[in-house]
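Trainee: I am new to this structure and would be grateful for a close look at a single part of it. Please begin with one residue and then place it in its wider surroundings.

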Amino acid sequence: MATALRTCIALASASWLACGGAPDAAPIELVQGELLTNPTEHGVDVVLLSDEPMEYAAEIVAADGATSRTPVRSAGARELALVRIEGLEPGSEYTARVRLRRPGDLRFEEREPLRFRTLRVDRDAVVRFAYAADSHITGRFMKVSCGRGDEHETAIENFRRTVRHIAAADVDFAIAAGDNFMTHAPKMQSCPGVEAYGSGTVRTAAQADLRYELALSPDFLGGIARSVPMLYVLGNHDGEARFGDDAGSHGHFRDTRALSRAARLRHLPDPVLRYPGSREGLYYTFTSGDARFIVLDVMAGPDDYPRTAADWTLGEAQLAWFERVVRSDRRSWTFVFAEHLVGGFSNPDASRVEGGRAYHYGRGGLQSTLDETPRSAFRGEQATLQQIMRENGVDVFFHAHDHVAVVGEKLAPDGSGEGVFYALGGQASGDGRGPSWQDQPWFRARMDYDGDGAADFLGDRTGTLSPGFYRVTVRGRERIDLAYVGSDADPARDGKVVFQVSIFPDGTSNLADLRAAKSTTATKPAAENAVTAAAGARQGGR
């Protein structure tokens, strides 16, 4: 008997055979499923979290069948377990099979396979990624749970569509823009049955944990991170602003940042474990193919609640780091991601806003400028960022916060393009009617980039109100395509390209062609025809 047991242990250790243990034991339950994150040219991280102690490892299978294994490691109850997969080939597809067991068991439980692709090093390779913004999923979940609006139930179902579409989009990775975890949420109200999530901004670690676990559940962001490696940007509602006080002014308490950051690191590994950046603010950078990606943290700069555009800042350290990164690596394409502009505009009807909260921080897109046109300088520190980006060949500044999707180019005073495009992220959830402020005159005026008297999110040519996400394709050194994919019950939009903007190496784009065709309706062929026509008319490199 002892000999048979020793043989079983040896076989299990050498070849992952299941033997011994308790064959009828319940599977280990993971709090948020397995999450793929932090992809590199040679590997990826798999995140595991359970309410009970466990031992874990993974088997990695290449497309040609070659197999490798990670060491068996252990984690305590509620301790973040990180399967670090390394030593893989760049730009290659793999399958990872995670195995779990309880301490003392011989039998490993095999989880469903995870498929992923490592980042690319070939400068001519096609790189694809998804960018999804502003799900506000925790707030929507609370409102549905408390019976406060059918529109939020529709929005949640549309977010599930976004998750499914990203999983099927054949992208290398996904970037979840801010306002997913909602640890800062002054207007959120709980009710019986969901009171554990708390009302308003989180006041306890348990509330913060529940909000992270909801957002990362398999129905929501966890569904994306099971399909492709997911990275993230912190938003203004994710609780890590540096400012706050004992009274919780504007929903920011003195301990909100510490509670939110601790919850994040209990559920997700810090990206700077893999990439150059900083833990003081969540900013980091990585590359794939001929593109550089830079994630900024606009909430890490101001020490006090900003009341004017000039009060917003990245902080000296982050701004210097950003300039150093864009100057040091001149790839053909550079993308920057931030929750919102480092500036913004003020509501002209400020007298109606109670308590001096007229300042709409980060809002306004290309027209958050001194004269409220795309031709003049941005308000606040965004002007400095724009100068750095223009001088160093940054192509697209992705930003969220306004809950509409619009793409436009920053213009010089003479009306010529500066080659830096601003892509507002839309909303990964939503009921199709856009945010509550989309019909306000002050907002529509700021979103009328082309000056034709209509907001650019109307007409589905260079923007839209439809919920969805961007599927971005970097076609080597030829061009980049920003395709906004709808997530809507309407089959004409659901999973279809609502509009597509293409940008070329000489800094030009197909925006003029799209605007010439602007109307109240749009079709996928119309958007694609504008790309094809523009592509045939442009050549050259930057």
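**A threonine in a loop, and its surroundings**

Mentor: Thr369 lies in the loop that runs between strand S18 (359-361) and helix H8 (382-391). Please keep in mind that this is a predicted model. Although Thr369 belongs to a loop, its relative accessible area is 0%, so it counts as buried. The side chain of Thr369 has polar partners in the backbone. One of its polar atoms lies 3.0 Å from the backbone nitrogen of Glu372, and the side chain also reaches the backbone oxygen of Thr373, at 2.7 Å. When neighbours within four places in sequence are left aside, the contacts of Thr369 are Ser376, Ala377, Phe378 and Arg379.

In soluble globular proteins, nonpolar side chains tend to be buried together. Here the largest nonpolar core comprises 82 residues, and those with the most contacts inside it are Tyr131, Phe335, Phe337, Phe398, Tyr470 and Leu482. Strand S10 (residues 126-132) supplies the largest share of this core, namely five residues. Phe398 shows what such a position involves: not counting residues up to four places away in sequence, Phe398 touches Phe129, Tyr131, Phe335, Val336, Phe337, Ala338, Ala423, Val472 and Leu482. There is also a second, separate core of 41 residues, and Tyr305, Trp312, Phe345 and Leu366 are among its members.

Another enclosed element is strand S7 (residues 93-101). Seven of its nine residues are buried, so S7 is largely enclosed by the rest of the structure. S7 has antiparallel pairings with several strands. With strand S3 (residues 54-62) the pairing extends over eight bridges, and Tyr56 stands opposite Leu100 of S7. Four bridges join S7 to strand S9 (residues 114-117), again in the antiparallel sense, with Thr95 opposite Arg115 of S9. Two bridges link S7 with strand S8 (residues 109-110), also antiparallel, and there Arg99 stands opposite Glu110 of S8.

Arg78, in the loop between strand S5 (73-75) and strand S6 (81-85), has a positive phi of about 65° although it is not a glycine. Its relative accessible area is 33%, which means that Arg78 is partly exposed. Asp460, in the loop between helix H9 (441-446) and S22, likewise is not a glycine and has a positive phi, of about 55°. With a relative accessible area of 8%, Asp460 is buried. Thr369, with which this account began, is buried at 0%.

Note on methods:
Residues are numbered from 1 along each chain as its sequence is written. This is a predicted model: local features need pLDDT of at least 70, side-chain atom pairs count only at pLDDT 80 or more; totals for chains, interfaces and linings use all residues. Side-chain values use heavy atoms; hydrogens and water are left out. Buried means under 20% relative accessible area, exposed over 50%, partly exposed in between (1.4 Å probe, protein chains only). A polar contact is a pair of N or O atoms within 3.5 Å; within protein, one must be able to donate a hydrogen and the other to accept it, and residues adjacent in sequence count only if both atoms are side-chain atoms. Contact means heavy atoms within 4.5 Å. Two strands pair if DSSP finds at least two bridges between them. A nonpolar core is a set of buried Ala, Val, Leu, Ile, Met, Phe, Trp, Tyr and Cys residues joined through side-chain atoms within 4.5 Å.
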